[in-house]
Amino acid sequence: MYKDWIISRLPSGIPADVISYVEKQIDANFGGYISGLQYWAFGERGPDELIYTAENEDDLKLWMFREAARSIAQRMELTGRAEEENRWRYVRDHVEDGVWIYRENQQYQFNAIHDSRKFWMEYELRLLYPVFPEARWMQRVEYYENYMNKKFQVKHWSYDTTALCFREVSDSKEIDIYGVQQPAEGSIMQGRHTD
């Protein structure tokens, strides 16, 4: 449903395999179904779950476009992850004895631990920008800006609505919100990180 409408609003330059991937997802209604103005996800081991109730058909189309845009953005992030990681100062390498081992980039653009969300959130927001009404697009910008700053004590990322990308606005380091050790303030890690 709405596949032609969605595909016609995507920019050129998206690889054919990514378009094919998202077309299959649209054909499968992203693993759910539409009933009237409601989107329901199939219950894996229980009842189906109401995910979204649209105000009207245009609202539902925009919601479906957002789902397609997120799917494309995440797929694009996977294809370019190795290149993107080179722009970060600290990159999680592997775990030894339950502790993250980091490698440090000698030249970096971002003063934060690699976060793959930055790429796909930026990409999704750029896909949404020409399609969404401004107020709805700004809601998504604020949602992702809050999400990107979740692991920082002070605001670290701000979305630049002119350049359509996240900018660092502090020197804050990530904090431990998931029980995984993060780098100590001012540390340069090569090998095992200890506090």
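This is a predicted model: local features need pLDDT of at least 70, side-chain atom pairs count only at pLDDT 80 or more; totals for chains, interfaces and linings use all residues.
1. On the α5 side, the residues involved are R117, K118, W120, M121, E124, L125 and L128; their counterparts in α6 are W137, R140, V141, Y144, Y147 and M148. By class, the residues of this contact comprise nine nonpolar and four charged, with no polar ones.

2. How do the axes of the two helices cross? Helix α5 spans residues 117-128 and helix α6 residues 134-148. Their axes come within 10 Å and cross at roughly 175°. Since angles over 145 degrees count as roughly antiparallel, α5 and α6 are therefore roughly antiparallel to each other.

3. Now to the strands. The sheet is open and has three strands, ordered β1-β2-β3, with antiparallel pairing. The edge positions belong to β1 (32-35) and β3 (49-53). Each of these has a single partner strand, so one side of each lacks a neighbour in the sheet. On average, and with direction ignored, neighbouring strands are turned by 25° against each other.

4. A closer look at one pairing may be handy as you view the model. Strand β2 (residues 38-41) pairs with β3 in the antiparallel sense, over four bridges.

Methods. Residues are numbered from 1 along each chain as its sequence is written. Side-chain values use heavy atoms; hydrogens and water are left out. Axes are lines fitted to C-alpha atoms, for helices over the stretch in contact, and angles run from 0 to 180 degrees between N-to-C directions. Angles under 35 degrees count as roughly parallel, over 145 as roughly antiparallel, 65 to 115 as roughly perpendicular and the rest as oblique. Contact means heavy atoms within 4.5 Å. Ala, Val, Leu, Ile, Met, Phe, Trp, Tyr, Cys and Pro count as nonpolar, Asp, Glu, Lys and Arg as charged, and the others, Gly among them, as polar. Two strands pair if DSSP finds at least two bridges between them.
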